[in-house]
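Here is a short report for a reader new to this structure. Look through the sequence and the model, then read on.

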Amino acid sequence: MRGQEASKQRVIIVSNRLPFTVSVNDGALDFAQSGGGLVSGLTAWLANLTPGSAYSYTWVGWPGISIPDELRGELESVAGQRFNAHPVYLSDQEMESFYQGFCNRTIWPLFHYFQAYVAYDEASWTVYKRVNEQFCEAVMEIVRPGDIIWVHDYHLMLLPGLLRERLPDIPIGFFLHIPFPSYELFRMMPRAWGEQILNGLLGADMVGFHARDYTDHFVNSVGRILEYKRVGREIIAGDRMVRAGTYPMGIDYEKYAKSARSEEVQQAKSELKRTLLDAKVILSIDRLDYTKGIVNRLLGYELFLQQNPEWREKVVLALVVTPSRVGVQHYSETKYQIEALVGQINGEFGNIGWVPIRYQYAFIPLVPLVTLYNTGDIALVTPLRDGMNLISKEYLACRTDSKGVLILSIFAGAATELTEAVQVNPNSKEEIAEALRAALEMPVAEQIRRNKAMQNRLIEYDVSPWAQRFIKDLLRASRLKHDWLATDDAGRRIRPTSRQRFIYRNGEFVQLPERHPKSEDE
C-alpha cells in the first residue's frame with residue numbers, strides 16, 4: 001500500500017488552518033474537525049480520492065493554537081498518521097498581528113469593499129510577510145520532486161512567489177476564496193504592498209477565483225500596477241506565462257442530500273414545524289460578519305411585515321448567527337446591531353402567541369443545520385459581498401422535494417451560477433421585502449422548476465470536479481509556462497512585441513497576425 005501511495009503524484013495543500021484544530025487538556029492533545037467552507041470543500045474532495053486515484057496529498061497549515069515544544073513531536077506524529085498533515089508553528093503574538101491584524105483588518109475589509117474599515121499598519125504587514133516566509137519553510141521541509149503545490153486564500157498571497165524563488169520548475173497553484181476587488185479599490189493599498197502581493201500571486205502557474213469578475217479585476221490590477229503584458233487572461237510575467245481562471249467551487253452535494261433524507265432529520269423537521277406552529281419559515285444562517293448583510297435583511301424583513309400585515313402570525317424568520325472573530329470591534333458592533341433589531345422587530349410586531357424572529361447565536365452541527373435547511377420554505381442569503389457563498393448551495397442540496405425558494409444577493413459569487421434564484425440587491429430593503437412577498441406567493445410548480453435546474457447544475461459541478469479541473473489546468477499551465485514565447489524564422493524564441501497577439505488553442509499558445517492601426521482612408 002505504501003508503494004502505491006509513493007507512486008502517486010502528491011498534492012501539497014497549503015492553507016492558513018489545518019483541517020483539524022488542536023487543544024491541550026491536562027497536558028494532552030485533543031483533535032477536532034475545523035469548520036469553514038474551504039476545509040469542508042477540500043476535505044470532501046480528498047475523501048473521494050479512491051485507491052485508484054492518481055493523487056495522494058499532504059496538508060500544511062496552522063493547528064489552531066500555539067503548541068508547547070514538548071508536545072510538538074506528538075502533534076507531528078498524529079498529524080502525519082491520522083490526517084496526512086504537516087503543522088506550521090506560530091506564536092500567539094504572530095497570529096494576533098497576522099490573522100486578527102493584517103488579514104482581517106486590512107485584506108478582508110478591502111477585498112470586500114468596506115474601505116472605511118481598513119487599517120494600514122506597517123507592523124502588521126511586516127508580520128504578514130514573516131508568516132508567509134514561515135509557511136514557505138514548512139513546505140520546503142517536506143516538498144519532493146514531482147509534487148504539486150496548491151496554496152489557498154488571502155492569508156498566503158505572498159507564498160507562491162516565495163516558493164517559486166526556490167522551486168523554479170514545480171507546479172504551483174493558488175486559489176482565492178474571497179473576492180478580488182476592482183483596481184480602484186486594490187490600489188488604495190500602499191503601492192509597495194500591492195506590488196508585492198501581486199508578484200507573490202504571480203509565483204503561481206495558475207491563479208483561480210470563484211467568479212469571472214474577480215478574475216478580471218486581478219488581471220486588470222496586474223496590468224495597471226505591474227504593467228505586465230496580458231494575452232487575454234494569461235499574464236506575461238518576465239519569462240513565464242501565468243494563467244488566471246474562474247472555477248466556481250461546488251459542495252459535497254450527496255452528503256447534504258443524503259442527510260436530508262435521513263430519518264433523524266425528518267423526525268427533527270416534524271418537531272420543529274410543530275414548535276413553529278406550521279408557520280412559513282424564512283431561514284437565515286450566517287456566521288457573524290459585517291459583509292454578510294444580516295442587518296440589511298432584518299431591515300428588509302421589518303419592511304415586509306409593515307407592508308404585508310396579512311402575513312403576520314403566518315411567517316417566522318429563523319435567524320442563526322454563528323460566532324466569528326470574537327473580540328474584533330466591527331464584529332462586536334455588528335452583533336449589537338443585529339440583536340437590537342431582533343428585539344425591536346419582535347417588540348413591534350410580536351404578541352404572546354407569535355414571535356416574528358427566532359434568534360440563535362451559536363454554532364450549528366450538521367444534523368440540526370440540515371434540519372433547518374429542510375424546514376425553511378425560503379432561504380434568505382443576502383451578503384453585501386461574498387467570494388462564493390456555499391450556504392445557498394447547501395440549502396438547495398437539502399431540498400430533496402425541490403420545493404422552497406432561494407433569495408440570493410447579486411453580490412454573492414454563487415449568483416452567477418444560481419440564476420434561477422430570486423436575486424436582490426441587499427442594499428435595498430425594498431427589494432428584500434418585495435422578494436419575500438414574491439417568494440411566499442410563488443406557486444409550488446414554479447419553485448420546483450427553478451430548484452431542479454439549479455440542483456442539476458450543482459450535482460454536475462460538485463466539489464470533486466471543481467478540484468480536479470483546477471489541478472488539471474494547473475498541470476497544463478505548468479507544462480506550458482515557458483512555451484508562450486514567439487519564435488523567429490530560425491526557431492529562436494523571442495519576446496512578443498506590443499502588437500503581437502496570442503490565443504490559447506488546443507493546449508498551446510498560437511501567435512495571431514499583427515494588428516496594424518487603420519489609416520484615415522480606411
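Which residues point one way from strand β8 (residues 206–209), and which the other way? Met-206 and Gly-208 point one way, Val-207 and Phe-209 the other, and all are buried. Buried means under 20% relative accessible area, exposed over 50%, and partly exposed in between, with a 1.4 Å probe and protein chains only. In a regular strand the side chains alternate between the two faces of the sheet.

This is a predicted model: local features need pLDDT of at least 70, side-chain atom pairs count only at pLDDT 80 or more, and totals for chains, interfaces and linings use all residues. Residues are numbered from 1 along each chain as its sequence is written, and side-chain values use heavy atoms, without hydrogens or water.

**Strand β8 and its partners**

Helices (H or I, at least four residues) and strands (E, at least two) are DSSP runs, numbered from the N terminus. Two strands pair if DSSP finds at least two bridges between them. Strand β7 (residues 172–175) runs parallel to β8, joined by three bridges. There, Phe-175 stands opposite Gly-208. Strand β11 also runs parallel to β8, with four bridges between them. Met-206 stands opposite Arg-243 in β11.

**Pro-248**

Pro-248 sits in the loop between β11 (240–246) and α10 (253–261). Its relative accessibility is 26%, so Pro-248 counts as partly exposed. Contact means heavy atoms within 4.5 Å. Leaving aside neighbours within four places in sequence, Pro-248 is in contact with Phe-209, His-210, Met-388, Glu-417 and Trp-466. Pro-248 and Ala-414 are 166 residues apart in sequence, yet 7.5 Å apart in space, C-alpha to C-alpha.

**Salt bridges**

Side chains of opposite charge can pair when their charged atoms come close. A salt bridge is a side-chain nitrogen of Lys or Arg within 4 Å of a carboxyl oxygen of Asp or Glu. The structure holds 24 salt bridges.

| Salt bridge | N to O distance |
|---|---|
| Arg-166 and Glu-137 | 2.5 Å |
| Asp-147 and Arg-144 | 3.9 Å |
| Lys-393 and Glu-417 | 2.7 Å |

Lys-393 lies in helix α15 (residues 391–398) and Glu-417 in the loop between β16 and β17, so the pair links distant parts of the chain, 24 residues apart. Both Lys-393 and Glu-417 are buried.

Arg-166 forms its salt bridge with Glu-137. Arg-166 is in helix α6 (residues 159–166) and Glu-137 in helix α5 (residues 122–142), so the pair ties together parts that are 29 residues apart in sequence. Arg-166 is partly exposed at 40% relative accessibility. Glu-137 is partly exposed too, at 41%.

Asp-147 is buried, with a relative accessible area of 2%. Arg-10, Arg-144 and Asp-147 are linked in a network of salt bridges.

**Helix α16**

Helix α16 (residues 429–441) has 13 residues. From first C-alpha to last, α16 reaches 19 Å, close to the 18 Å expected at 1.5 Å a residue. The expected span is 1.5 Å times one less than the number of residues.

Which residues of α16 are buried? They are Ile-432, Ala-433, Ala-435, Leu-436, Ala-439 and Leu-440. The buried residues of α16 pack against several elements, among them β12 (280–287), α12 (294–307) and β13 (315–322).
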